[in-house]
Amino acid sequence: MKNTSDIYILGIESSCDETAASVVKNGREILSNVVLSQIDIHKLYGGVVPEIASRNHVEAVDKVVAEALSQANVTLADIDAIAVTQGAGLVGALLVGVSFAKGLCQATKLPLIAVNHIEGHICANYLTYPNLEPPYMCLLTSGGHTAVVKVVDYDSYEVLCSTVDDAVGEAFDKVARVLGLPYPGGPQIDKLAQTCNEPTYKFHSVVISNGNFSYSGLKTAVINTLHNADQKGIVVDKADIAKSFTLAAIDGLVDRLWQETQASGLKTVAIAGGVGANSYLRSRVAEFEQRGITVCMPKLSLCGDNAAMIASRGYYMFKKGQFADLSLNACPTMKLRGEKPHR
Ligand code: KG4
Ligand code: ZN
């Protein structure tokens, strides 16, 4: 039975290849978290096909939302607001969630909340750590974003450094592709890398001179290594490549995270985004505990795209009265608040 002081937010997420809906209580407690993945469909094409993603979202979104309400044992009458991912993501995919949420709000007169997907990823930490409060430092690593972010408050962020080209997840997926591993490549590289104890390839750091990150050079270096070996008829050890690449892709991020944490004087560090599921990244960030830092890492099930993180973010926007109206449109290039363009 719902307590009158409790706030229930229905979250809807459709930015890429997961159709997701969730009911979250007071921003912190997951009552349901339904994620319908389209991975098996897109695997056939080696990556997400935007048009196919949109069509599958259209077919699934009503059922996924109904399932989330049912698993939470609530009806729309118990819901206080509907939070939907506005961006960033694939425009056609985003539009499915946005349109569905708008229709639901129109029918129920519930308030609509437009959530930034990246801010949602950061909120996955609140679902794993009920007592976590800003400020803290956050390493944001997803398929589209790579940044060290100071979370000043629930809706105030300072992006301290970020990638000037590819995102780290994108690099994982591209390297996996050239290694002949199936989509999505990140988890495959993670698995393969764990079988190599002595990586032998020395790829350069992804940290560039101004403290930001660049992944395009690392990606090219891996591709060149594979081509050179191929031309010489040398059979490469894929696990060695996977591990050597992982070290290069992650170590620089963790080093910059540590530098920014020390410079800020903050004592709490969190991670967010799909690459936050990477076992090597998690073990490197966990080492901060030995240096007196409290480390927060979302549960593995909350690192990838889900709607519980969107509902959690929606709760904090609800508390501040940050509502959208029914003219809301999808925003495929939505930036994190505080994100500045690179010079
Ligand atoms: O946050 P996310 O689910 O979607 C975006 O918002 O982009 O991130 C997806 C990315 C993909 O590039 C995927 O390969 C990567 O996260 N990923 C991983 C792992 N699990 C997912 N990368 C490395 N190791 C993993 N275990
Ligand atoms: Zn995401």
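Gly217 lies in helix 7 (residues 216-231); helices here are DSSP runs of H or I with at least four residues, numbered from the N terminus. The model is predicted: local features need pLDDT of at least 70, side-chain atom pairs count only at pLDDT 80 or more, and totals for chains, interfaces and linings use all residues. Residues are numbered from 1 along each chain as its sequence is written, chains are lettered from A and ligands numbered from 1 in the order in which they are written, and side-chain values use heavy atoms, with hydrogens and water left out.

Gly217 is partly exposed, with a relative accessible area of 29%. Buried means under 20% relative accessible area, exposed over 50%, and partly exposed in between, with a 1.4 Å probe and protein chains only. From C-alpha to C-alpha, Gly217 is 46 Å from Gln71, and the two are 146 residues apart in sequence.

Tyr215 sits in the loop between helix 6 and helix 7. Its relative accessibility is 0%, so Tyr215 counts as buried. Tyr215 and Thr146 are 69 residues apart along the chain, and their C-alpha atoms are separated by 9.9 Å.

His117, in helix 4 (residues 117-128), and Asp305, in the loop between helix 10 (300-303) and helix 11 (308-319), are 188 residues apart and link distant parts of the chain. Both His117 and Asp305 are buried.

**Ligand 1**

Ligand 1 is surrounded by 18 residues, the closest being His121, Gly143, Asp173, Asp190 and Gly274; a residue is near a molecule if one of its heavy atoms lies within 4 Å of it. Helix 4, helix 5 (168-178) and helix 6 (185-193) each supply at least two residues of this shell.

The table gives polar contacts, which are pairs of N or O atoms within 3.5 Å.

| Protein atom | Ligand 1 atom | Distance |
|---|---|---|
| His117, polar side-chain atom | oxygen | 3.1 Å |
| Gly186, polar backbone atom | oxygen | 3.1 Å |
| Asn278, polar side-chain atom | nitrogen | 3.0 Å |

Taken alone, ligand 1 exposes 560 Å², of which the protein buries 84%.

Methods
Polar contact = N/O pair within 3.5 Å; in protein donor to acceptor, adjacent residues only side chain to side chain. Areas by Shrake-Rupley, 256 points an atom, 1.4 Å probe, with all protein chains shown as cover.
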